[in-house]
Amino acid sequence: MTAQVLDGKATAAAIKGELTARVAELAARGVRPGLGTLLVGDDPGSRWYVNGKHKDCAEVGIASIREDLPETATQQEVEDAVQRLNNDPACTGFIVQLPLPKGIDTHRVLELIDPAKDADGLHPTNLGRLVLRVNEPIDSPLPCTPRGIIELLERHGVELAGADVTVVGRGTTVGRSIGLLLTRRAINATVTLTHTGTADLAEHTRNADIIVAAAGVPGIITADIVKPGAVVVDVGVSRATDPETGKSRVVGDVDPGVLEIASWVSPNPGGVGPMTRAMLLSNVVDTAERLAG
Ligand SMILES: Nc1nc(=O)c2c([nH]1)NC[C@@H]1CN(c3ccc(C(=O)N[C@@H](CCC(=O)O)C(=O)O)cc3)C=[N+]21
């Protein structure tokens with residue numbers, strides 16, 4: 001038996017189609033969503049991600065605004081760029097590409113973002129709303145990768161209500177925030193958050209109906225620690241050099257052996273990555289719709 005594929009690429013394409021229609025409706029009402037990006041420094045990976053976001057925008061009709069600063073930018077210069085995006089009416093949502101260069105206080109930069117324009121959904125105000133509004137709808141941006149994972153599962157018919165979910169990794173963008181979404185009353189999953197201080201990782205993963213692997217440790221999820229028939233979502237983005245081609249490629253947290261025991265596995269690449277990008281676009285369109293009233 002081999003697991004079925006949680007196809008993030010195809011699902012993201014479907015979502016982009018839906019967004020294109022919503023952007024056209026907004027255009028008819030004279031509103032154009034615009035995504036801003038702030039990139040500091042010249043890390044090729046970060047540049048590649050940011051370029052991809054602007055390509056996605058062009059596909060669905062969202063305007064693009066770019067702020068690119070050199071590696072040597074000061075705290076003040078980075079904060080000034082955030083304020084320009086906050087004040088630019090063409091920019092309905094924006095992201096500060098992470099990580100920022102050493103020496104820049106990331107928390108201070110992120111807290112300066114206008115919460116209503118926080119396309120990543122990682123501003124303390126928006127994360128705070130996620131903590132507080134357990135039972136009611138949330139009319140502010142949600143974190144992109146957690147939202148993308150849930151959308152990916154729901155659109156493949158994976159039952160979340162009553163499911164035991166084990167999350168591996170406590171990073172802010174995924175591990176720490178996904179449980180806040182999954183335990184909302186409207187979703188009703190039960191969540192265990194494991195991390196490097198967890199005494200017995202296997203005990204928690206073997207109990208899980210769904211594993212969300214966001215540790216950034218290549219192959220940490222092996223077949224022997226997965227319950228037969230479980231659903232496994234691979235969020236890891238480590239890089240390694242392919243011994244055959246000599247090229248750098250993405251390696252996930254999920255060992256290929258898991259395909260023989262799980263019911264569904266998200267490929268990596270082609271799983272959570274494209275969904276994250278689609279949810280960023282969704283956040284920008286949601287924000288523009290709220291602005292339009
Ligand atoms: N403010 C901020 N927001 C982010 O959302 C953010 C960030 N900073 N910094 C870096 C991480 C990483 N991230 C990815 C997004 C898409 C893919 C993606 O689409 N990957 C493709 C291709 C992977 C490949 O082959 O290189 C895939 O999975 O199929 C991957 C990783 C967003 N991040």
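These exercises work through domains, helix packing, a ligand shell and backbone geometry in a predicted model.

Residue numbers start from 1 along each chain as its sequence is written. Local features need pLDDT of at least 70 and side-chain atom pairs count only at pLDDT 80 or more, while totals for chains, interfaces and linings use all residues.

**Exercise 1. Domains**

Find how the chain is divided into domains, and what separates their centres.

Solution. Start with the bounds, which come from an automatic or database domain assignment. Domain 1 covers 31–114 and domain 2 covers 143–273. Then take the centres over C-alpha atoms: domain 1 and domain 2 are 28 Å apart.

**Exercise 2. Helix 6 and helix 7**

Describe how helix 6 and helix 7 cross, and list the residues in the contact.

Solution. Step one is to locate the elements. Helices (H or I, at least four residues) and strands (E, at least two) are DSSP runs, numbered from the N terminus. Helix 6 spans residues 144–155, and helix 7 spans residues 175–182.

Step two is the geometry. Axes are lines fitted to C-alpha atoms, for helices over the stretch in contact, and angles run from 0 to 180 degrees between N-to-C directions. The two axes come within 8 Å and cross at roughly 50°. Helix 6 and helix 7 are therefore oblique to each other. (Under 35 degrees counts as roughly parallel, over 145 as roughly antiparallel, 65 to 115 as roughly perpendicular, and the rest as oblique.) The crossing of helix 6 past helix 7 is right-handed: the near helix is turned clockwise from the far one by less than a right angle.

Step three is the contact, which needs C-beta atoms, placed from the backbone, within 7 Å. Helix 6 supplies P146, R147, I149 and I150, and helix 7 supplies S177, I178 and L181. By class, five are nonpolar, one is polar and one is charged. (Ala, Val, Leu, Ile, Met, Phe, Trp, Tyr, Cys and Pro count as nonpolar, Asp, Glu, Lys and Arg as charged, and the others, Gly among them, as polar.)

**Exercise 3. Helix 2 and helix 9**

Repeat the analysis for helix 2 and helix 9.

Solution. Helix 2 (residues 44–60) packs on helix 9 at about 60°, with the axes 10 Å apart. That angle makes helix 2 oblique to helix 9. Their crossing is right-handed. From helix 2 come G52, K53, D56, C57 and V60; from helix 9 come R277, L280 and L281. This contact holds four nonpolar, one polar and three charged residues.

**Exercise 4. The ligand shell**

Determine which residues come nearest to the ligand, and which element gives the most to the shell.

Solution. A residue is near if its C-beta atom, placed from the backbone, lies within 6 Å. The shell has 16 residues, and I95, L98, V250, P269 and G273 come nearest. Strand 4 (93–96) and helix 9 (272–292) each give two or more. Helix 9 gives the most, with four residues. Nine shell residues are nonpolar, five polar and two charged. Domain 1 and domain 2 each contribute at least three.

**Exercise 5. Backbone geometry**

Locate the cis peptide bonds joining L98 to P99 and N268 to P269.

Solution. Omega is about 0° between L98 and P99. P99 sits in the loop between strand 4 and helix 4 (106–111). Omega is about 5° between N268 and P269. P269 sits in the loop between strand 11 (264–265) and helix 9.

How values were computed. Two residues are in contact if their C-beta atoms, placed from the backbone, lie within 7 Å.
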